[in-house]
Amino acid sequence: MKILLAALVAMLSACGTVQPVKTNNASTSPMKFPCLSYSLSCGEIPVRKPVNKELAGELSGNSEEGRNIAFTKTRGNCLACHRMKGGTQPGSRGPDLTSYGNLGRSDAETYALVYDMRWRSPDTLMPPMGTNEILTDQEIRDVVAFLQSSK
């Protein structure tokens, strides 16, 4: 037991503190999670730059498919952090989205926020769904349609 505890303490202390990463000439600290890299020092793990992606054309999203994506752990997994209309066992880390459609945000703004929230809030914990290719363009459109229909 002592050996296991010593190994755990050594592993955690090896991470040290996370240093800010330079992004667009502005100092930000996008890594709020413990460093789990075996090959790179904490604070040196490359991250993709934030992207303020514009919605091309009409939204043309399917709200029912967006709901499925948002509620599925292996896809959007939005319920891990957010309360959402029709969802069960939501997280509490992110804002309540149960009536997102009443906020008056445009489809284009919502699309950009789901694509990569970091352009607006550099220290967000929300994964950059589009920038990191977690969701496709159409899947993001579907999630946006679901959010906009939540009233």
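Which residues are buried in helix α2 (residues 63-71)?

## Model and confidence

This is a predicted model in which local features need pLDDT of at least 70 and side-chain atom pairs count only at pLDDT 80 or more, whereas totals for chains, interfaces and linings use all residues. Residues are numbered from 1 along each chain as its sequence is written, and side-chain values use heavy atoms, with hydrogens and water left out.

The average pLDDT (the predictor's confidence in each residue, from 0 to 100) is 82 for the protein, and 70% of the residues score at least 70. Over residues 11-33 the pLDDT is below 50, and this stretch has 27 contacts in the model beyond near neighbours in sequence; a contact means heavy atoms within 4.5 Å.

## Helix α2

Helices are DSSP runs of H or I with at least four residues, numbered from the N terminus. In α2, the buried residues are G66, I69 and A70, where buried means under 20% relative accessible area with a 1.4 Å probe, protein chains only. Seen down the axis of α2, these buried residues fall within an arc of 95 degrees, so they line one face of the helix; the arc is that of the directions from the helix axis to the C-beta atoms. Their cover includes α4.

At the start of α2, a side-chain oxygen of N62 comes to within 2.9 Å of the backbone nitrogen of E64.

## T124

T124 is located in the loop between α3 (107-115) and α4 (137-149). T124 has a relative accessible area of 19% and is therefore buried. Residues up to four places away in sequence aside, T124 touches M117 and R118. A polar atom of the T124 side chain lies 3.1 Å from the backbone nitrogen of M126.

Conventions
Helix = DSSP H or I, 4+ residues; strand = E, 2+ residues; numbered from the N terminus. Buried < 20%, exposed > 50% of the residue type's maximum accessible area, 1.4 Å probe, protein only. Polar contact = N/O pair within 3.5 Å; in protein donor to acceptor, adjacent residues only side chain to side chain.
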